[in-house]
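User: I have a model open and want to learn how to read its features. Can you take me through them one by one?

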Amino acid sequence: MKRLRPAALLIACALIGAAPASALASPHHATKSSTTYYLALGDSLAAGDQPNAAGATLPTHQGYANDLYAQQRAKHKSLVLKDLGCGGESTSTMLLGGKHCHYAGTQLADAVKFIKTHTVVLITLDIGGNDVDGCATQSGAALVTCVESGLKQIQLNVPKIVKRLRQAAGPKVKVAGMTYYDPFLAYDVVGTAAQQPLAPESIALSKQLNKDLTGDFKAQKLLVADVATAFDTYVPLTTTAPLAGHGTVPLAAAKICQLTWMCAAAPRGPNIHANTKGYRTIAGAFAAKLY
């Protein structure tokens, strides 16, 4: 996921933690080293991207992978985090390359090599959110066609990605993928008159994306971290809650304002990435499945 651009407002509607060491399965590819690894894979959420004071979206050490690792490390001293997350990574670039994230090959190829040469006990994955980002400049029928094409890419590529990860890791290693939250629910609170209708419209599209991801993950026996539910993405907009500075608003929109940079003042906002609290929430969704 990349920093929100004004032109990306419509397309973005298409998108929108931890087990004890004893619970982690024995790795498929054991080595003589006592060091074990948590391998984090995916897009800018895996990289912990957040906007800085100047509004530039950059990787941080406060992402969900860092939170998940900190919990594991407290219980399992030999664990090391290997984070291959790449801002802007799509399902296509994860398979074929094209992002400038210093891979020897592609993120997936590097991940498979790492799994086969190290004792990996846990893998997490978030991927698919960027597959529709290229539609940002489209409108009308062209926009719909572009979004449909992006969803087809997800349906085509995610099964390949998770199959290769499962084959490399073997059946015993815990592998978990996540669903996406819907940042554009925030438009119900801070959107312009033109943007506000996008909040309810985005929910159905988020459901389709997350349904596709969940089905692909389960087909390869991946655990599913339900981040969408953790962010109250599907709570009806008629369910309300107080939000500081905005009065009473839909609960789902309030959660986005509280857990992402969508409602932050410029230059940091609006930005679709999770904030520190939001990343902790994502880590918690993974944790709920790993225990």
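Analyst: Start with helix 9. In helix 9, G278, Y279, I282, A283, A285, F286, A287 and L290 are buried. Buried means under 20% relative accessible area, exposed means over 50%, and partly exposed lies in between, with a 1.4 Å probe and protein chains only. Helices (H or I, at least four residues) and strands (E, at least two) are DSSP runs, numbered from the N terminus.

User: What kind of model is this, and how are residues numbered?

Analyst: This is a predicted model: local features need pLDDT of at least 70, side-chain atom pairs count only at pLDDT 80 or more, and totals for chains, interfaces and linings use all residues. Residues are numbered from 1 along each chain as its sequence is written, and side-chain values use heavy atoms, with hydrogens and water left out.

User: How many residues does helix 9 have, and what span is expected?

Analyst: The expected span of a helix is 1.5 Å times one less than its number of residues. Helix 9 (residues 276-290) has 15 residues. From first C-alpha to last it reaches 21 Å, close to the 21 Å expected.

User: What sits at the start of helix 9?

Analyst: A polar contact. That is a pair of N or O atoms within 3.5 Å; within protein, one must be able to donate a hydrogen and the other to accept it, and residues adjacent in sequence count only if both atoms are side-chain atoms. Here a side-chain oxygen of N275 comes to within 3.2 Å of the backbone nitrogen of K277.

User: Which residues touch the most other members of the largest nonpolar core?

Analyst: A nonpolar core is a set of buried Ala, Val, Leu, Ile, Met, Phe, Trp, Tyr and Cys residues joined through side-chain atoms within 4.5 Å. The largest one has 76 residues, and Y64 and I282 touch the most other members. Helix 4 (residues 140-169) gives the most to this core, with nine residues.

User: What is I282 in contact with?

Analyst: Contact means heavy atoms within 4.5 Å. Leaving aside neighbours within four places in sequence, I282 contacts Y64, M178, Y181, V227, F231 and A274.

User: Now the sheet. What is the strand order?

Analyst: Two strands pair if DSSP finds at least two bridges between them. This open sheet has five strands in the order 4-1-5-6-7, with parallel pairing. Strand 4 (79-83) and strand 7 (223-225) are the edges, each pairing on one side only. Neighbouring strands are turned by 20° against each other on average, direction ignored.

User: How many bridges join strand 1 to strand 4?

Analyst: Five, and the two strands run parallel. Y38 stands opposite L81 in strand 4, and L39 stands opposite K82. Strand 1 also pairs with strand 5 over six bridges. There, Y37 has V120 as its bridge partner, and L41 has L125. Strand 5 and strand 6 share four bridges, with T124 opposite A176 in strand 6.

User: Are the faces of strand 1 covered or uncovered?

Analyst: In a regular strand the side chains alternate between the two faces of the sheet. In strand 1 (residues 36-42), T36, Y38, A40 and G42 on one side and Y37, L39 and L41 on the other are all buried. Strand 5 is mostly covered too, with seven of its seven residues buried.

User: Which helices lie on these strands?

Analyst: Axes are lines fitted to C-alpha atoms, for helices over the stretch in contact, and angles run from 0 to 180 degrees between N-to-C directions. Helix 3 (residues 107-117) lies across strand 1, strand 4 and strand 5 (120-126), at about 170° to strand 1. Helix 9 packs on the sheet and touches strand 5, strand 6 (174-178) and strand 7. The direction of helix 9 makes about 150° with that of strand 7.

User: Why is L125 called buried?

Analyst: L125 counts as buried because its relative accessible area is 0%. L125 belongs to strand 5. Not counting residues up to four places away in sequence, L125 touches residues including L41, Y64, I161, A176 and F286.

User: Where does T233 lie?

Analyst: T233 is in the loop between helix 7 (227-230) and strand 8 (240-243). T233 is buried, with a relative accessible area of 0%. A polar atom of the T233 side chain lies 2.9 Å from the backbone oxygen of A228.
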